[in-house]
Amino acid sequence: MLSVEPFDDDSPENVNNMEVTEENIRLIFGLKVRQLRQEKGLSFAALSKDTGLSASYLNEIEKGKKYPKTEKIAKLAESLGVSYDWLISLQLSKNLAPVSQLLKSNLLSDLPLEMFGLEPAVLLEMLSNAPAKLGAFLSTIIEISRNYGMQVENLYYNMLRSYQEMYDNYFEELEQSVKAFKKKYVQPDEEGLSYETLASILINDFNYSIDKESLGSQVELAKLRTIFMEGDKKRLLLNPLLNEAQQRFAVGQELAYAYLKLKPRPKTTTWIEVSSFEELLNNFKASYFSCALLLDEDLVKQDLEKWLKQDALDADLLMSYLDKYQCSPEVLLHRMTNLLPRHFGIRELFFLRFTKNEDKFKLTKEMHLSGLHNPHGTALDEHYCRRWISIELLQKMNVVGDKKVICKSQRSKYADSDNEYLIITLAKVSENPSVPNSSVSIGMLINKNLKQKLKFWNDPNIPIRVVNETCETCSLRNCEERAAPPERYETKQKNIAMKAALKALTES
């Protein structure tokens, strides 16, 4: 147990309201030791000789990983020329005030810095070396998050996307885990994995029960696909409105949690709230595992190779894979984002999912590999371009009759840009009245590489349309699909004209 004196009444303002956690205590103590050692010009070896503490132990202290016992703190205080009480207090010098602000913000505990190779102590060290500049930068991030109502879970989702993009959305260890799982639990001659097969493994090998009735009786929980209930015998509640493909995916996810021993984990899908980044990351791993389990890497690779070699876009062939693998459009396109970069070298791509509620279109999922592509989400309340095939299909969903999934493609040329993308969209009528219709799209940048890898990129039957990001930023005139005036574009043009006039005046 760490022993820390309480704040005095005259403690500096910059430590008030700081969350007193063991990690914060270690980090501040280590930072103060490091600052004092450097001010005195002492090396680790010199301080080690003076205190009797090993250089490696001192290094661990400064990194915030170790907190010494009382007698060792006393030796450090004596060697560094400060009082014992000051050294163990949370008071910081004025030039380290940004450190206090960072600790108050909880960013160090909320964000998984280690996943990106950055330890909290390293960030604090950077902050102490350039407190004014880096402190202002971090303060800006904190202020933006407050002003725009950015929740911690938004940061979690953004960081997860960045994590996926870092690895081209292909994770070798998860692919190998799926192969090991199949070898252990699936018969070698079994073709495909039915719901019955997956449910049997979950029940018999992992001591689960599956309930398809209870969730249907709860009106407030109608949007949830599954609920996990802990106990001596674990229970998985499945929404009775789930179709066969959705049931298989849900059970595949639960098998991943059990087989990979993923904790912490969410209790529900869809999300009600995100408690931690670890929980979100484990949910991603379970989803990836289920997707790879249902869509075998080698088989899908063969199918994609055949599809890419077609002289013209074969939408029926792509749609046939939905039946072959008994999966949803979203799972199929997600699997393509795993395998196209890895096995075919098509890395300049994006994935989008839109939903429609009444006349409002919401971008509910996005991922961009090899850089930020068009289109992408905007934090502002603007109207996405109605010329996008993903939105156009959602607008037509009310007239598709009994057909559940439709596939369309488009070459999107972006106004005021050289970027052009081949977009393939699958739109689906929701089978659950409480869940909105959705469309999922995969977009590939048309460049030299894509032209070599994908034969039908220039299929004359694929319509070409000039599009933009949002109506508010669009320069296109006489657009019949426009849903809002180009207010932001016009403001930008006025500023450009004003700068040009000012430049001409000052240079005349």
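Student: How many helices and strands does the protein chain have?
Tutor: Helices (H or I, at least four residues) and strands (E, at least two) are DSSP runs, numbered from the N terminus. Here the protein chain has 20 helices and 10 strands. This is a predicted model, where local features need pLDDT of at least 70 and side-chain atom pairs count only at pLDDT 80 or more, while totals for chains, interfaces and linings use all residues. Residues are numbered from 1 along each chain as its sequence is written, and side-chain values use heavy atoms, with hydrogens and water left out.

Student: Which residues have the most contacts inside the largest nonpolar core?
Tutor: A nonpolar core is a set of buried Ala, Val, Leu, Ile, Met, Phe, Trp, Tyr and Cys residues joined through side-chain atoms within 4.5 Å. Buried means under 20% relative accessible area (1.4 Å probe, protein chains only). In this model the largest core has 82 residues, and F206, L255, W307, L340 and M444 have the most contacts inside it. Helix α14 (residues 277-294) gives the largest share of this core, 11 residues.

Student: What is L340 in contact with, leaving aside its neighbours within four places in sequence?
Tutor: Contact means heavy atoms within 4.5 Å. On that basis L340 touches L304, L308, G345, I346, L349, I442 and M444.

Student: At roughly what angle do the axes of α15 and α17 cross?
Tutor: Axes are lines fitted to C-alpha atoms, for helices over the stretch in contact, and angles run from 0 to 180 degrees between N-to-C directions. Helix α15 (residues 297-308) and helix α17 (residues 329-344) have axes that come within 10 Å and cross at roughly 75°. Angles of 65 to 115 degrees count as roughly perpendicular, so α15 and α17 are roughly perpendicular to each other.

Conventions
Buried means under 20% relative accessible area, exposed over 50%, partly exposed in between (1.4 Å probe, protein chains only). Angles under 35 degrees count as roughly parallel, over 145 as roughly antiparallel, 65 to 115 as roughly perpendicular and the rest as oblique.
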